[in-house]
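Please open the model in a viewer and follow the selections below in order.

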Amino acid sequence: MIGHRFFRLLLTSFVQLFIIGVVILLPVQMLYEDSRIESIKLSQQGALLKAEYVVASIFDERISDLLTLAKSASLEHYFSGDSGLSFLANTITPLFQALCRANGNYDQIRLIQ
């Protein structure tokens with residue numbers, strides 16, 4: 001009888017301590033997880049902003065190059081239809097080669113008609 005009472009008292013005490021521990025530790029764990037999630041969000045936002053800046057700068061460079069080529073008198077003359085293959089070889093090809101060498105970002109530039 002005494003063993004059964006002792007066991008029941010021990011089990012009741014354990015359950016009470018377990019419930020108290022859960023009640024105390026659960027909010028602490030939730031706060032820790034919230035702060036961890038917030039730090040991950042901030043880190044990811046920073047990485048996303050960096051990526052956005054890199055992509056925007058690459059597009060800005062390419063658009064600038066395209067606008068430079070679009071305003072080229074040689075290309076305007078070529079697309080007006082008055083020029084042939086010799087004009088292409090003598091004027092536009094060196095223009096594209098010079099852009100490739102000067103810029104360093106392009107291996108090849110092609111004129112697609």
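Begin by selecting Phe-7, Leu-11, Phe-14, Val-15, Phe-18, Ile-19, Val-22, Val-23, Leu-26 and Met-30, which make a nonpolar surface patch of about 1,000 Å². Such a patch consists of residues with over 30% relative accessible area and no salt bridge, nonpolar side chains (Val, Leu, Ile, Met, Phe, Trp, Tyr) being joined within 5 Å; accessible areas come from the Shrake-Rupley method with a 1.4 Å probe, and for residues only the protein chains shown count as cover.

The model is predicted: local features need pLDDT of at least 70 and side-chain atom pairs pLDDT 80 or more, whereas totals for chains, interfaces and linings use all residues. Residues are numbered from 1 along each chain as its sequence is written, and side-chain values use heavy atoms, without hydrogens or water.

Val-22 is partly exposed at 37% relative accessibility (buried is under 20%, exposed over 50%, partly exposed in between).

Next, select Phe-14 and Phe-18, both exposed and four residues apart in helix α1. The structure holds one aromatic pair: the ring centres of Phe-14 and Phe-18 lie 6.5 Å apart with planes at 25°, so the pair is stacked (centres within 6.5 Å, planes under 30 degrees apart).

Finally, turn to the two salt bridges, each defined by a side-chain nitrogen of Lys or Arg within 4 Å of a carboxyl oxygen of Asp or Glu. Arg-36 meets Glu-33 at 3.3 Å, N to O, and Glu-61 meets Arg-62 at 3.1 Å, N to O.

How values were computed:
Patches are made of residues with over 30% relative accessible area and no salt bridge: like charges are joined within 9 Å, nonpolar side chains (Val, Leu, Ile, Met, Phe, Trp, Tyr) within 5 Å. Buried means under 20% relative accessible area, exposed over 50%, partly exposed in between (1.4 Å probe, protein chains only). Rings of Phe, Tyr and Trp (its six-membered ring) pair if their centres lie within 6.5 Å; planes under 30 degrees apart count as stacked, over 60 as edge-to-face and the rest as tilted. Helices (H or I, at least four residues) and strands (E, at least two) are DSSP runs, numbered from the N terminus.
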